[in-house]
Amino acid sequence: MADDTLLQIRGLKIEATSYPPGEPPKEVTLVEGVDLTLARGRVMGLIGESGAGKSTIGLAAMAYGRGGVRLTGGTIRLNGRDIRLADNRTLRSLRGKEVTYVAQSAAAAFNPAKRLMEQVTEASLAHGLLSKPEAEARAISLFDKLGLPDPETFGDRYPHQVSGGQLQRAMTAMALCPRPDLVIFDEPTTALDVTTQIDVLAAIKEAIRDTQVAALYITHDLAVVAQVSDEIMVLRHGRMIEVGPTETIIHDPTQDYTKALVSVRGLDHAEKPPAEPVLRVEGVTARYRGTTFDVLKNVTVDLPPGQTLAVVGESGSGKSTLARVITGLLPATQGRITFAGRELSGDLKGRSKDDLREIQMIYQMADTAMNPRQTVGTIIGRPLEFYFGLKGAERDARVQDLLDQIEMGKGFADRYPAELSGGQKQRVCIARALAADPKLIICDEVTSALDPLVADGILKLLLNLQAEAQGAYLFITHDLATVRAIADKIAVMFKGEVVRYGQKSDVLAPPFDDYTDLLLSSVPEMEIGWLEKVIAHRKMESAGN
């Protein structure tokens with residue numbers, strides 16, 4: 001290896017055992033024939049859809065395979081030695097010292113019972129790299145470098161006492177504290193709002209530059225990885241599709257799959273003109289039981305049939321709370337909601353069967369929204385039985401019609417959720433909502449957990465279904481690229497209030513209030529240097545910070 005080569009992977013093969021429901025176990029190959037070379041102080045982005053092998057390859061850089069995954073072929077040379085077949089003692093000595101890991105969900109990765117300082121310094125102390133005073137001084141320096149509030153006392157807090165963006169940066173501090181040679185960033189901003197994502201990306205980029213650590217940056221968003229990477233490797237189905245300098249991959253890709261990733265943000269939707277609304281929310285104020293503050297404050301919006309109202313804002317702005325009020329899950333303390341010409345009861349118990357049927361909801365996490373022990377046919381068939389009394393062959397025929405509508409066709413009714421991809425699971429949730437023949441569907445962040453290509457397909461499907469049935473959508477999101485793709489009207493929410501509202505063309509036209517300007521400017525663009533430009537020109541900080 002060249003003197004500056006830190007990590008060299010050749011002919012990597014990774015396998016696992018699959019246990020399909022009702023079938024005998026079978027061996028599957030997750031990654032095959034991947035080569036990778038990373039120099040000291042450089043950042044390589046690993047990009048591709050779910051199942052491409054990004055995280056599996058990233059973890060292989062520390063000779064780790066999770067959940068029964070086995071590293072069965074090739075070489076993994078870190079600092080000149082092959083670690084694929086190293087014994088456990090050797091691996092324990094390098095993990096947390098030479099190579100560290102930043103997980104996608106910091107909230108799940110931290111111990112809620114321990115203070116942040118204890119966890120951030122743990123690896124440095126366990127490996128004997130620093131004394132306790134030295135490790136704590138190093139952590140405070142990193143807190144400051146990463147833009148965390150009150151760096152001297154920040155480590156005294158518990159994980160639940162900081163925001164999601166702050167916790168993700170604390171995990172970056174934990175990874176950098178031992179002064180590793182390599183850090184693996186596994187989708188560190190995917191679960192964050194676009195506004196918070198900007199701050200975390202900027203902090204990560206600055207920390208990488210100042211510490212001269214090498215990094216593998218794993219994501220499915222090419223615009224995000226373009227801001228931090230020197231090189232990009234595009235992966236699909238466990239194989240390398242294309243690799244090269246960041247600028248080349250973005251501006252001059254050679255493979256069709258990479259070209260599709262680059263162009264996926266091109267979907268746009270021509271807004272429909274104003275019309276008489278099917279849903280009217282008037283002066284709604286709401287608070288959660290046992291609290292003394294309002295989470296919604298005098299919210300007024302309306303939505304015509306056959307159109308989409310996008311409700312946008314950061315986490316905590318009140319978007320999902322508004323959906324809970326509309327569905328009757330959270331009674332409003334003030335205001336009223338009228339739907340299809342009738343006033344709705346504020347409490348779910350006071351609503352008729354038709355009220356329940358005509359307002360359906362599609363949730364963000366399809367995995368948790370479906371019973372894993374029920375087949376697709378049973379999941380979609382339940383609303384048909386409950387609302388329309390369909391049974392037997394009649395119900396099965398309607399289930400198949402709905403599967404055809406969501407472009408899944410035959411062969412899926414007998415499958416279980418575990419046998420479906422992320423995009424297929426979300427399509428099943430859409431079919432379940434359509435089964436009730438609703439007039440309004442509330443879509444709560446339905447594409448935020450999906451890869452760009454899959455999310456693009458879901459948005460196109462929703463638009464096609466709306467054109468056929470003239471149903472209304474209330475679409476909750478924090479992603480302005482999604483808003484452009486689907487909305488007719490937009491309500492921008494900030495700390496429980498609607499701060500900007502109207503037709504899409506009006507809301508997205510300047511002049512902007514500071515918060516709308518922050519949201520619009522925070523949508524990542526496929527442009528080298530975009531991150532620095534946004535940070536330099538924005539007018540306010542994210543509420544998540």
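Contact here means heavy atoms within 4.5 Å. The model is predicted.

## Helix α18 and its two partners

Helix α18 packs against α19, residues 452–469. Gly 423, Gln 426, Arg 427, Ile 430 and Leu 434 are the α18 residues in this contact. From α19 come Val 454, Gly 457, Ile 458, Leu 461, Leu 462 and Leu 465. By class, the contact of α18 with α19 holds seven nonpolar, three polar and one charged residues. The axes of the two helices come within 10 Å and cross at roughly 20°. Angles under 35 degrees count as roughly parallel, so α18 is roughly parallel to α19. The crossing of α18 and α19 is right-handed.

Helix α18 (residues 422–435) also packs with α16 (residues 376–388). Here the angle is about 15° and the axes lie 8 Å apart. That angle makes α16 roughly parallel to α18. The crossing of α16 and α18 is right-handed. On the α16 side, the contact is made by Val 376, Ile 379, Ile 380, Pro 383, Leu 384 and Phe 388. Val 428, Ala 431, Arg 432 and Ala 435 supply the α18 side. The contact of α16 with α18 has nine nonpolar residues, no polar ones and one charged.

## The six-strand sheet

Six strands form an open sheet with mixed pairing. Their order is β16-β17-β18-β13-β19-β20. Which strands stand at the edges? They are β16 (359–362) and β20 (497–503). Each has a single partner strand, so one side of each is left without a neighbour in the sheet. The twist averages 15° from one strand to the next.

Met 361 has Ile 442 in β17 as its bridge partner. Helix α22 (residues 514–521) packs on this sheet. The helix touches β13 (308–312), β19 (489–494) and β20. The direction of α22 makes about 110° with that of β19.

## The four-strand sheet

A second open sheet has four strands, in the order β12-β11-β14-β15. Its pairing is antiparallel. The edge strands are β12 (296–303) and β15 (342–343), and each pairs on one side only.

Strand β14 (residues 334–339) pairs with β15 over two bridges, in the antiparallel sense. Phe 339 has Arg 342 in β15 as its bridge partner. Helix α13 (residues 319–327) lies across β11 (279–286), β12 and β14. Helix α13 runs at about 115° to β11.

## Helices α9 and α23

The axes of α9 and α23 (residues 530–537) come within 10 Å. They cross at roughly 120°. The crossing of α9 and α23 is left-handed.

Ile 198, Leu 201, Ala 202 and Lys 205 make the α9 side of the contact. Trp 530, Leu 531, Glu 532, Val 534 and Ile 535 make the α23 side. The contact of α9 with α23 divides into seven nonpolar, no polar and two charged residues.

## An aromatic pair

How many aromatic pairs does a search of the whole structure find? The search finds four. One of them joins Phe 143 and Phe 154. Their rings are 5.2 Å apart, centre to centre, with 70° between the planes. Planes over 60 degrees apart count as edge-to-face, and this pair is edge-to-face.

The pair links distant parts of the chain. Phe 143 is in helix α6 (residues 132–145), and Phe 154 is in helix α7 (residues 151–154). The two residues are eleven apart.

## Backbone exceptions

Most residues other than glycine have a negative phi, and most peptide bonds are trans. Two places in this model depart from that pattern.

Gln 212 has a positive phi, near 60°. Gln 212 lies in the loop between α9 (194–211) and β8 (214–219). The other place is a cis peptide bond joining Pro 510 and Pro 511. Omega there is about 5°. Pro 511 lies in the loop between α21 (504–507) and α22.

Key. Residues numbered from 1 in each chain as written. Predicted model: local features only at pLDDT ≥ 70, side-chain atom pairs only at ≥ 80, totals over all residues. Heavy atoms only, no water. Axes fitted to C-alpha atoms, helices over the stretch in contact; angles between N-to-C directions. Parallel < 35°, antiparallel > 145°, perpendicular 65-115°, else oblique. Left-handed = near helix turned anticlockwise from the far one by under 90°. Nonpolar A, V, L, I, M, F, W, Y, C, P; charged D, E, K, R; others polar. Pairing = 2+ DSSP bridges. Phe/Tyr/Trp six-rings, centres within 6.5 Å; stacked < 30°, edge-to-face > 60°.
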